[in-house]
Amino acid sequence: MPLSRRSFLQAGLAGAAGSLAARPVAGPDAGADSLPSRWLGRPKDELPTPALVLDLDLFEANLARMARHAHAAGVALRPHAKTHKCVPIARRQLAAGALGVCAATITEAEALAAGGIGGILLTSEMVGPDRLRRLTALTARQPDTLSVVDAAEHADQLDAAAAAAGVVLNVLLDVDPGSRRTGVQPGGPARALAQHVLRRRHLRLRGIHCYSGASAHVIGHAARREHSARALAPAMATFAELRREGVPLEIFSGGSTGTYDIDPALGTFTELQAGSYVFMDVDYRRIGGAGGPVYDDFAPALGVIATVISRNEPRRATIDAGIKAFATDRRFGPEWRAHPGAAFSWGGDEHGILDLATVGRDLALGERLEFIVPHCDPTVNLYDRLHCLRRGVVEAVWPIARGHA
Ligand SMILES: Cc1ncc(COP(=O)(O)O)c(C=O)c1O
């Protein structure tokens, strides 16, 4: 039954007063923090396309699996929220046992904090007056906020901003795993930076951040393990040396969905910052898992529904989802769930093309198809709202704090 906005709001108010029975939708309270929407309670087949959708059963199974894994492996979880930029998802990650979430940008961190999320680790260097002011303001409100530092000059800027704002900033040394993106070099340079930070009165050195993005998508589990172990070894050795020298480091943070079952066994990790596991994408399915060539430890919960809008050529079907509907940073496009072998090509901003010779059947005008996205993080950033489905019905609509700043 479709819900009117009014009945949704009434149900929401009754829910807030404690009446679970009055919740607008079934299932573990996915709808409790939904945006009002005319699509609530409607079948997914009615959503305007292209639509970003989340299968709640698969998503909840992904959350539970990562939580169980971290618990068994003896590491904490601080999942990366750059993947979803979505407060209701961060809330569920915390409810599943995460001690906080990571954010890539100050805007993401502010949106998460406004939604009541604590324990935020900013994994990018906060440089420049605007970011420094916002980081210190966030820390004044949430003193458990953490960020990273990779140079003495940057430490001085953080310290001065913290002094001006009257706060103490928690920092992790960002150590380069060999990717030369950010990070101080492990060994001597990292130890010198640690000493420099320890002398800053408004900084509190808490640990090491070392994220090896290059390891995450190495194809083949054994090769990935080798890559990650090699990339992280110097930072882990630096962590141990600093501790031996009496520097009270508590946190070693890093890791990804690709290495979640590899990094904790390396011995030094105190927390994992995997992100994509909540959604999954074509990119991750290709890398192979410990058990076989398809990485299916986590299920592809995220999708985009598109519509066939032109069928004027015998071998081609054109859909209404192109480069504005999917991230295009990978060599491959989206994968049609029903026919993973179907060849997709980009048809422009609003168009995608399916080669019917690879589909094995005709497609009707108006037919709706659901795709696994090529790369989840930048695809999600193309949408304002995530339509959450339970057995094909819209149970909740969650906002995405999209943007790049
Ligand atoms: C610093 C950092 N940590 C963790 C992650 C999470 O990685 P994944 O989404 O592959 O699990 C990312 C992703 O880009 C990242 O940039």
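## Burial, and a buried lysine

A residue counts as buried if 20 or more other C-beta atoms lie within 10 Å of its own. Lys85 has 25 other C-beta atoms within 10 Å, so Lys85 is buried. This is a predicted model.

Lys85 sits in the loop between strand 2 (76-77) and helix 3. Its backbone stands out too. Phi of Lys85 is near 50°, a positive value in a residue other than glycine.

## The chain as a whole

The protein chain holds eleven helices and 17 strands. Its radius of gyration is 23 Å, close to the 22 Å that the globule rule gives for 405 residues, so the chain is as compact as a globular protein of that length. Along its principal axes, the C-alpha trace spans about 70 × 50 × 40 Å.

Of the 405 residues, 45% count as buried. Contacts also reach along the sequence. Take those between residues at least 6 apart: 65% of them join residues at least 24 apart.

## Helix 3 and its surroundings

Helix 3 covers residues 87-95. Its buried residues are Val87, Pro88, Ile89, Ala90, Arg92 and Gln93. What do they pack against? The partners are helix 2 (56-73), strand 3 (101-103), helix 4 (106-114) and strand 17 (393-399).

Gly97 follows helix 3. The phi of Gly97 is positive, near 115°.

## Helix 4 against helix 5

Two packed helices are described by the angle between their axes and the distance between the axes. For helix 4 and helix 5 (residues 129-141), the axes come within 10 Å and cross at roughly 20°. Angles under 35 degrees count as roughly parallel, and helix 4 and helix 5 are therefore roughly parallel to each other. Helix 4 passes helix 5 in a left-handed crossing.

Helix 4 brings Ile106, Ala109, Glu110 and Ala113 to this contact. Helix 5 brings Arg131, Arg134, Leu135, Leu138 and Arg141. By class, the residues of the contact are five nonpolar, no polar and four charged. An α-helix has 3.6 residues a turn, so residues three or four places apart point the same way.

## Helix 5 against helix 6

Helix 5 also meets helix 6 (residues 152-165). How are these two helices oriented to each other? Their axes come within 9 Å and cross at roughly 50°. Helix 5 and helix 6 are therefore oblique to each other. The crossing is right-handed.

On the helix 5 side, the contact uses Leu132, Arg133, Thr136 and Ala140. On the helix 6 side, it uses Gln157, Leu158, Ala161, Ala162 and Ala165. The contact has six nonpolar, two polar and one charged residues.

## Two backbone details in loops

A cis peptide bond joins Thr49 and Pro50, with omega about -5°. Pro50 lies in the loop between helix 1 (5-16) and strand 1 (51-55).

Arg391 has a positive phi of about 45°, although it is not a glycine. Arg391 is placed in the loop between strand 16 (385-390) and strand 17. Is Arg391 buried or exposed? With 12 other C-beta atoms within 10 Å, Arg391 is exposed.

## Met236 in helix 9

Met236 belongs to helix 9 (residues 221-244). Met236 has 21 other C-beta atoms within 10 Å, so Met236 is buried. Leaving aside residues up to four places away in sequence, Met236 touches Leu266 and Thr268.

Phe269 is 33 residues from Met236 along the chain. The C-alpha atoms of Met236 and Phe269 are separated by 8.3 Å.

## Val308 in strand 10

Val308 is found in strand 10 (residues 302-313). With 18 C-beta neighbours inside 10 Å, Val308 counts as partly exposed. Which residues does Val308 touch, not counting residues up to four places away in sequence? They are Ala317, Ile319, Leu363, Ala364, Leu365, Gly366, Glu367 and Leu369.

Ala401 is 93 residues from Val308 along the chain. The C-alpha atoms of Val308 and Ala401 are separated by 29 Å.

Technical notes
Residues are numbered from 1 along each chain as its sequence is written. This is a predicted model: local features need pLDDT of at least 70, side-chain atom pairs count only at pLDDT 80 or more; totals for chains, interfaces and linings use all residues. Helices (H or I, at least four residues) and strands (E, at least two) are DSSP runs, numbered from the N terminus. The radius of gyration is taken over C-alpha atoms; the globule rule is 2.2 Å times the number of residues to the power 0.38. Two residues are in contact if their C-beta atoms, placed from the backbone, lie within 7 Å. Axes are lines fitted to C-alpha atoms, for helices over the stretch in contact, and angles run from 0 to 180 degrees between N-to-C directions. Angles under 35 degrees count as roughly parallel, over 145 as roughly antiparallel, 65 to 115 as roughly perpendicular and the rest as oblique. A crossing is left-handed if the near helix is turned anticlockwise from the far one by less than a right angle, and right-handed if clockwise. Ala, Val, Leu, Ile, Met, Phe, Trp, Tyr, Cys and Pro count as nonpolar, Asp, Glu, Lys and Arg as charged, and the others, Gly among them, as polar.
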